[in-house]
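Here's a quick walk through a two-chain model, written for someone who likes cut-offs spelled out. Have a look at the structure first, then read on.

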Amino acid sequence: MAHTHDDHAHGHDDHAHHGPDKGIMRWIKTTNHKDLGTLYLFFSFTMFFIGGLMSLVIRAELFHPGLQFVEPEFFNQMTTMHALVMIFGGVMPGFVGLANWMVPMMIGCSDLALPRVNNWGFWILPFGFAMMLSTLFMDGGGPAGGWTMYPPLMLQTGNAFPFLIFSIHLLGISSITGAINVVVTILNMRTPGMTLLKMPLFVWAWLITAYLLIAVMPVLAGAVTMLLTDKYFGTSFFNAAGGGDPVLFQHVFWFFGHPEVYILILPAFGVISTIIPTFARKPLFGYDSMVYALASIAFLSFIVWAHHMFTVGMPLAGELFFMFATMLIAVPTGVKVFNWVATMWRGSLTFETPMLFAIAFVFLFTIGGFSGLMLAMTPVDFQYHDTYFVVAHFHYVLVPGAVFSIIAAIYYWIPKWTGRMYNEKAGQWHFWLSAIFINLTFFPQHFVGLAGMQRRVPDYAVQFTDFNEISTIGAFGFFFAQFIFIFNMLACCYGWFGRKQDAPARVWEGAHGLEWTVPSPAPYHTFEEPPPLPESELASIGGGAHAH
Amino acid sequence: MSTQAAAHSERYFVPAPSVWPFVLTAALVCLVAGVASFLENDHVGPVPIFIGGVLSIAVIFLWFRDVVHESEGGRYSAQVDRTFRWGMSWFIFSEVMFFGAFFGALFYARSLSIPWLGGEGTKVATNLFLWPGFEAGWPSNGPGEVGGSFQTIPAFGVPLLNTILLLTSGFTITMAHHALKANRRMICILWMWATVALGASFLWFQAHEYLEAYTELNLTLGSGVYGSTFFMLTGFHGLHVTLGTIMLITITLRLMFGHFKPDSHFGFEGVAWYWHFVDVVWLALFVVVYWL
């Protein structure tokens, strides 16, 4: 390695000449943000597939009351692993993949600030998940105490336990390195003239998300380290006999866990704030207020964690504080939703696939937001806690929320990445099937939850059967509808339909931003020099107020 | 604004493809899977731990060697320097949050869980029915007296000495930095070795203190929540001092090899930042763990 460096007296030589290595070593050794973005996205969708299969096991078992397909122990492993795989393997790497691809192109630089660290952050993921998933085949099976890992239940896990803990440590390293990379890139690599309040909102959303990641992933590492020492080294953090408290774990975990919720949704806000102005052909309404709303949500996310613990027996003052603090989040979130709607107001709208997913996001995420507001009320949460109402709530914000935004972003940018247009007809089919089936899956869960059906239990009372059957049909439908998407995207990647797919540089006529000033597909190193920043590229992203 | 003007003329630095991150990951997974198997008595033996550990250290060394070559080869622009500064700052912030989790646990045990077990406020019934006769206090190993009775280490003995050692090391590394900036390399190296010696003596006294705690005071990791928080906080801090000392030795050797320039030496400054961070954590430890 060293001698290749010595060959280059001047840093700019090596990326001017040669492109990527050939074969598998290209992907193992790459320091290129586009290669790593691609790896992240392929990994993310592999995990979505595995986590999706787990959810089908859960839904198949719940099709009827009683036990039909799996043992209760295995059912609990499926609910636990489904959550871990989808959160840490699906949604987070999906958004990091988008950040890898888009942040350097949007702020006008050649690559992320720390390319080798970027490679490390990615490669930890497949190794870490191989270790985590291998626990399913160990004595005592995989972890089954829920993804929140509450002691003392979690401490009863079999051989899987230390493997789970260490895989979470590894995933934490991946997230922290990835987040530091994004923050440093955004703070240090912007093209001259791009002040903070001229950045695209996707970049703003990721800056704040990355800050949240750096702040809370170490706290999760601390929490699981305490679990580990309680199990193997005789500490008493979560043992009342020794003066500790199992509830302490819940506090530390949710101090991570609540900002984590926003880690999963803030990049989605950034995506939606990028797509809606393009297809409304209007500047984003209230750019500055969008930024302030993001920052307010991030701040509030640190002081609301105990709303996950209303029924655990906290002092009354705590219950009240966390209830009101949680409700405050509705204000900046409301600002965002109204701004998206106002952006579309009197715009010349067209409904290409990314826009359809974006509009569905605004509508369905808001449903999830409203059920969140209901859950925020302490007295009624005593009824909702640990029911399917909670399941319906967070799946509304995560699937038609976070996942829809990842899908929308890929439809929106894949012509830029591959130089090929996806098939619009298939995209529309994919959207409508997804939108219908996802509501079929999760809307009935509000009803069974309010009526008292408990989560994380493989059996239920017979009166919930009808709604559960609908839910299961929806889940299978949604799962299989995604193959339209996968086929459509692979057709772009590999050019299955030849030259007629070719995409222009500015794929969408209403799109603004530096990424549309370069050819499609974008060059391997997008900008060799900091590019100029024309006002026209800011018009819709930097906000109308800055344009004149 | 001058930085923006300068940015126009400079090209970006993108490192060549590297195999180290991938190998480091494989080594780390080998290491932690080995430790996990060991914890569950899977009879795999120490081989994966050994291979993973040695390989990890080797790869970290090789990776940093590449970085040093690039740096000394003059390939890093002002922008790369800023990248390292920002990166190191945010890394230290993440470390602060890691320690925050354990300080939070200490706060919770002292201010909430122990008083509640003693029946404070609305928790009268907890005390009456679950742990009758338990009186809240600190230090405590809980109503079950987990680990048996123990004594604590007085703050104004070895811990005070260690505080003085670390504060002094903060002074010596600053003197070394001034010497480096004034291009007085020999003086700088001497101040650096002084810093290393102070760090090493801190570790020696800390080890001595641990030995005394285990053999004479019956204060162990298993001494209820007091022992848990005491050893986890001081232990993770000691681990960071160990790492910091290795980093200090590394940059001192680099100074002796003629690395760093008076106006460009972020490798040095990054280690100094890390050392000051370890220092500040110790001050917090001294106050809330030993003293109060």
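Predicted model: local features only at pLDDT ≥ 70, side-chain atom pairs only at ≥ 80, totals over all residues.

Glu509(A) is exposed, with a relative accessible area of 61%; here exposed means over 50% relative accessible area, buried means under 20%, and partly exposed is in between (1.4 Å probe, protein chains only). Helices here are DSSP runs (H or I, at least four residues), as strands are (E, at least two), and both are numbered from the N terminus.

## Ground rules

Residues are numbered from 1 along each chain as its sequence is written, chains are lettered from A and ligands numbered from 1 in the order in which they are written, and side-chain values use heavy atoms, with hydrogens and water left out.

## Where the chains meet

How many residues of chain A are in contact with chain B? The count is 79, and they touch 73 residues of chain B, with contact meaning heavy atoms within 4.5 Å. Together the two chains bury about 6700 Å², 70% of it on carbon and sulfur atoms. Buried area is the accessible area (1.4 Å probe) that two parts lose on being put together, summed over both. Arg116(A), Phe127(A) and Asn188(A) supply 10% of the area that chain A buries against chain B, more than any other three residues.

On the polar side, 15 residue pairs between chain A and chain B are in polar contact, both residues being at pLDDT 80 or more. A polar contact is a pair of N or O atoms within 3.5 Å; within protein, one must be able to donate a hydrogen and the other to accept it, and residues adjacent in sequence count only if both atoms are side-chain atoms. Several helices of chain A each give at least two residues to the side that touches chain B, among them α6 (115–134), α7 (160–188) and α9 (246–280). The largest share, 13 residues, comes from α8(A). That side of chain A divides into 45 nonpolar, 26 polar and eight charged residues. For the sorting, Ala, Val, Leu, Ile, Met, Phe, Trp, Tyr, Cys and Pro count as nonpolar, Asp, Glu, Lys and Arg as charged, and the others, Gly among them, as polar.

The rule finds one salt bridge across the interface. Arg116(A) pairs there with Glu70(B), the closest N and O atoms being 2.8 Å apart.

## Charged pairs in chain B

Over all chains, the count comes to eight salt bridges. One of them joins Glu72(B) and Arg254(B), with 3.5 Å between the closest N and O atoms. Glu72(B) lies in helix α3 (residues 47–72) and Arg254(B) in helix α8 (residues 224–256) of chain B, so the pair ties together parts 182 residues apart in sequence. Glu72(B) is partly exposed at 32%, whereas Arg254(B) is buried at 13%.

Another salt bridge brings together Glu269(B) and Arg85(B) at 2.8 Å, N to O. Glu269(B) sits in helix α9 (residues 266–291) and Arg85(B) in helix α4 (residues 78–117) of chain B, 184 residues apart. Glu269(B) is buried at 14%, and Arg85(B) is partly exposed at 26%. Asp81(B) joins Arg85(B) and Glu269(B) in a network of salt bridges.

## A buried tyrosine

Buried or exposed: which is Tyr274(B)? At 2% relative accessibility, Tyr274(B) counts as buried. This residue is found in helix α9 of chain B. Beyond its neighbours within four places in sequence, the contacts of Tyr274(B) include Met88(B), Phe91(B), Glu95(B) and His240(B).

## From the record

UniProt, in an unreviewed entry, places "domain: Cytochrome oxidase subunit I profile" at residues 27–537 of chain A. That stretch is 68% helix and 0% strand in the model.

Notes:
Salt bridge = Lys/Arg side-chain N within 4 Å of Asp/Glu carboxyl O. UniProt positions renumbered as here; feature names shortened; annotations may be inferred.
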